[in-house]
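I opened the model today to look at the contact between the chains and at one pair of helices. My notes follow in the order in which I looked things up.

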Amino acid sequence: MLELTINGQSVLVQEGKTVLEAAQELNIEIPTLCHNQALEPYGGCRLCVVEVTKRGRKSLATSCTLKASAGLVVETDTERVLRSRRMTLELLLARCPEVPVIRTLARQHGVTTTRFGLENEQCILCGQCVRMCKERMGVSAIGMVNRGAQRVVSPPFEEFSEVCRSCGACATVCPTGCIDIQTFSQHRSEPLPSEWNEGLRARSAIYIPFEQAIPKVPVIDRDACVHLNTGACAICSEGCVADAIDFDQTDEEVEVNVGSIIVATGFDALDPTPMEPYGYGRYPNVMTNLEFERLSNATGPTSGKLLLRDDKDRYKFTRPPQSVAILHCIGSRDVNYHEYCSRTCCMYALKYAHLLKDKCGHETEVYNFYIDMRCFGKGYEEFLKRVQAEGVRMIRGKASLVTDEALDEDEEGKLVVVAEDTLTAQILRVPVEMVVLCTAMEPRSDAESVARTFGISVGGDGFFLEEHPKLEPVSTPTAGVYLAGACQGPKDIPDTVAQAKAAAAEALALSSAGHVTVAPMISSIDPDICIGCQVCVGLCPYTAIEIDARRGVSVVNSALCKGCGSCAGYCPSGAAKVEHFTDKQIFAEIEGLLDCRSDG
Amino acid sequence: MSNEFEPTITAFLCNWCTFTAADLAGTSRLAYPANVKIIRMMCSGMVDPKYVLKAFLEGTDGVFIGGCWPGDCHYINGNMKARRRVALLHEVLGRFGVDRDRLWLRWVAASEGNMFAETVEEMTARLRELGPCVMKGEKVA
């Protein structure tokens, strides 16, 4: 450890640290534009100059490159230092008069005008981008070219770079924000869409999935991470104070022993892209219900403001819409997609209408295109009446088309929703600025394999089948496996909560009883008849049959037997039988049934 | 009353799939021929060949065994055991002069109530074509 003095305060730092880092430890602020802790020191911007006293001699030095040494005396705010910074800022202000970060920094140092000839540059040649590309990404797609006044950042020969991976690291570190990868890369840079925000916002390759994530720790997107793909970068691990980033972490399989399982795998939202008439994916302001949900959420991309999407930049939002159409039953109650009703759409569509009136102002026109309003729950009908009273237009008729082809001036530059008003038997064309598609709730794409894993059935609509639609709405044919939520069928939050609590109660009932009741239909083998051929041993899928070597007969372990009757169906001597399904009983049943017939 | 031949079908249905499907067909108010007489089994794999033979001897015109789709068996693989057994039964029945089309093994999942109704309808139609079973009326000791 070395001891040095900064502004009269003494500080202990590790060998190899710079004066800038030592000052940061003392919370002494030193302005800099070219320093980045992930990059090698550069000393390019000259803003971090400090006055150093060494062997009685005072001199100016850039603190980002000056290594700390024992007994060093450093002053960060002497008149000489400030004069030097002001001069640097005056020069920077002359070069980049429009760049906000420079203007702010200059104003903070009392520099408002410049004595030098004004230029209109954006780049301050801090070299962070060049160093990032070379040092951390290992690509060197861009570099400094020319000298003196002609010096610029550019790919070699000012040609579109082939080696650039368009990772965007240069643009991220640029203090003035003047880098557009598309101006020098041969490859298109596509921001990674945030899954949680339904693609309304971009995310980085290492990210916290969502605000309430548990555990609230970042995850690394293996496909996008530069380090995992090329071995370069790893900036995040350097920046992490807790040293918590482990690139070698892999998925773990954890085995948990449980007595009962509640399947609550939820649903998928229907992707409306293939439904071409609605223009989803073609028109930026046709959005799905979940996208609208994120938009109106306080933690969403617009902090809860309901804004239109920019036509050119899908991650940019502009102004509140003046008219919105909400289209119900997109993929539900539709013979081409799902014949069932998704149950939730009517109510959330009304909620959206209410939110639009609330957040965008009463003058915002909101149209609901519905087939039937199904407001069946407690307080739902009252909410419909309230929303109608707020001036939301309800149009009975499913929208058939969303187009941007205008027929008259009113429709110019808007999305036109075409629908038949089935109450007046008229075809309507309604010009709006935003369209919300209330898409169907679908079974999860992997529902069938999940069903197979748990031994439960999938209904005709693809959702999991309960044991009985009325009397066993949470149980499944497999004992100890229960269903909760939309995996069993489309349902709203109150219904999901009710079912989840019921499933939890069923599971708790099992564990609090401390014992399980098994069905009485299990096999037994009559030891007087069994000839000990042992075929049943091989047939039993539960290894419930053992050989009693002393007596030379097969014996059923009644705790393991599930009563499938594989043994009884085969047993050549007729020794194996399933209780309540004995030969005598079945024969009597057959005789009874067929006697009926001959009599009748 | 029409003089059309009304066949009798004895159905051995797996409790977990086809029997539930029959139940579903009923609760869904689907109409299907009353010719089918259902005997509930815990699994298609527990249908002893002698039950099928007994049914024919007692005068049924056709036997329908309903099991779960392969891979969906409640007891892991009982339906596969049923399939093997039915293949052998087809051989045996053929030798005794019983048309092998009188014994059907079909996979009907619990949710396929309509498929149960359709299968019964198809089988009834087929048995009408085949006419009464030859074993009918022969008393067996």
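**Entry 1: the chain contact**

I looked up the contact first: 29 residues of chain A and 30 residues of chain B take part in it.

**Entry 2: confidence**

I am reading a predicted model, so I checked its scores. The predictor gives the complex an ipTM of 0.93 and a pTM of 0.76.

**Entry 3: two helices of chain A**

For two packed helices I wanted the angle between the axes and the distance between the axes. I took helix α2 (residues 79-95) of chain A and helix α3 (residues 100-108) of chain A, which pack with their axes 10 Å apart and at an angle of about 150°. Angles over 145 degrees count as roughly antiparallel, and α2(A) and α3(A) are therefore roughly antiparallel to each other. I noted the crossing of α2(A) and α3(A) as left-handed.

Which residues meet there? From α2(A) I listed A:Leu89, A:Leu92 and A:Leu93, and from α3(A) I listed A:Ile102, A:Leu105 and A:Ala106. By class, this contact of α2(A) with α3(A) has six nonpolar residues, no polar and no charged ones.

Terms used:
Residues numbered from 1 in each chain as written. Chains lettered and ligands numbered in written order. Predicted model: local features only at pLDDT ≥ 70, side-chain atom pairs only at ≥ 80, totals over all residues. Contact = placed C-beta atoms within 7 Å. Axes fitted to C-alpha atoms, helices over the stretch in contact; angles between N-to-C directions. Helix = DSSP H or I, 4+ residues; strand = E, 2+ residues; numbered from the N terminus. Parallel < 35°, antiparallel > 145°, perpendicular 65-115°, else oblique. Left-handed = near helix turned anticlockwise from the far one by under 90°. Nonpolar A, V, L, I, M, F, W, Y, C, P; charged D, E, K, R; others polar.
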